[in-house]
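Have the structure open while you read.

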Amino acid sequence: MTRFKHALNLKGILQGALLGALAYTGAAQAELPAALQVTAKKVALVRYISQGDFFEAYLAGVKAQAAALGFELQVLDARQDAARHRDMIDQAINSGVDGIILQHGFTDSVKDKAEEAVKAGIKVVAFDVDAQNEAIPQIEQSDFELARLTLSQAMKDNGESMNVGYVYVPGFPPLERRDEVFSQFKTMHSGIKEVARFGTVNNPIANSVADQAAAVLRAHPDINVIFAPFDEFAKGAKIALEEAGIADAVKIYSADVSTADIQAMREPGSPWVATAATNPTVVGEVSVRALAMLLAGENVEHKLVVPPTLITQQELSDKDINNMQDLQSKLPSFAHADVAMPTWMPAPKLAN
């Protein structure tokens, strides 16, 4: 197997976005609030991370909901450069946008710039980055529940004694929340041993993690579980296990999902046995909906949580789930989240 088999399946991502967009088109919708009818609102999505299936699907959801609302959307990619991320927030502010969506990044890099935007009268929401500002709603995936679901499945499969290789990078709020749950599990269950910790977000993430994982597995042949709470991490671990010829000896548990992930989990002999995930397209839609509510002058809860779903290799096989379309049609709870959904909110439209 070559590493090229792990390239993004963008067709599947967009098909998933379309199905999500159609999931609740039958809902009754009122006319847009007056504040959203005066002129087309200009909004910017400022992304710290953009590479990977999850982020492509998230972007598809943002585009779909923005199109439904008639928003003019500007997408700015920092490509994992904190200084560039700050510059792009400045760029968004100076371009005269009405609203900004912050996607991932580091608190220290964004909080002062986010405050500048709020003081300038710009509405701001943040997804998986803590802007430390009460005026900025925080959109989360319930990272605690993501980790709990996955680790509970690992214990169900392996018992309470596991030698774990843990893929982790500090500084990212979603990973830190997932790490908190892992720490609790280790405290509660003495048989869970963290044998090695490694991880990177250097591009390409999966291949960079694969290189690290290969070295870790050589140094720690007793590892029988890899906890990789981000799907790009899981892809890298899978590559390393398969290239080392030990895919049958180690199980991978992760977070997040995409068509490419589903296909990787369903490959014969795949070590990737479970993941917990929200629909990234839906999370993108929720981010725009929250921003639209702020622009309409409505109150928005400070924390908006999108609930996750446990997805196992066995379930994918039993229900013959091959892509995001299948996942959403055969697991309806995955297709839509009734979060930030006032009666006037239009259903999302698939972005071009």
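**Helix pairs and a loop asparagine**

H3 and H4 run roughly parallel to each other, since their axes make an angle of about 10 degrees, and anything under 35 degrees counts as roughly parallel. Keep in mind that this is a predicted model.

**H3 with H4**
- Helix H3 covers residues 82–94 and helix H4 residues 107–119, and their axes sit 9 Å apart.
- On the H3 side, the residues that meet H4 are Ala-82, His-85, Arg-86, Ile-89, Asp-90 and Ile-93.
- H4 answers with Asp-108, Ser-109, Val-110, Asp-112, Lys-113, Glu-116 and Ala-117.
- Sorted by class, this contact has six charged, five nonpolar and two polar residues.

**H5 with H6**
- Helix H5 (residues 143–158) and helix H6 (residues 173–188) cross at roughly 40 degrees, and their axes come within 8 Å.
- That angle makes H5 oblique to H6.
- The crossing of H5 past H6 is right-handed.
- Among the residues making the contact are Phe-144, Leu-151 and Met-155 of H5, along with Val-181, Phe-182 and Phe-185 of H6.
- The contact of H5 with H6 splits into nine nonpolar, five charged and one polar residue.

**Asn-279**
- Look for Asn-279 in the loop between strand S10 (272–277) and helix H10 (280–295).
- Asn-279 is buried, at 2% relative accessible area.
- A polar atom of the Asn-279 side chain lies 3.0 Å from the backbone nitrogen of Thr-281.
- Leaving aside residues up to four places away in sequence, Asn-279 touches Met-324, Gln-328, Phe-334 and Ala-335.

Conventions: Residues are numbered from 1 along each chain as its sequence is written. This is a predicted model: local features need pLDDT of at least 70, side-chain atom pairs count only at pLDDT 80 or more; totals for chains, interfaces and linings use all residues. Side-chain values use heavy atoms; hydrogens and water are left out. Helices (H or I, at least four residues) and strands (E, at least two) are DSSP runs, numbered from the N terminus. Buried means under 20% relative accessible area, exposed over 50%, partly exposed in between (1.4 Å probe, protein chains only). A polar contact is a pair of N or O atoms within 3.5 Å; within protein, one must be able to donate a hydrogen and the other to accept it, and residues adjacent in sequence count only if both atoms are side-chain atoms. Contact means heavy atoms within 4.5 Å. Axes are lines fitted to C-alpha atoms, for helices over the stretch in contact, and angles run from 0 to 180 degrees between N-to-C directions. Angles under 35 degrees count as roughly parallel, over 145 as roughly antiparallel, 65 to 115 as roughly perpendicular and the rest as oblique. Ala, Val, Leu, Ile, Met, Phe, Trp, Tyr, Cys and Pro count as nonpolar, Asp, Glu, Lys and Arg as charged, and the others, Gly among them, as polar. A crossing is left-handed if the near helix is turned anticlockwise from the far one by less than a right angle, and right-handed if clockwise.
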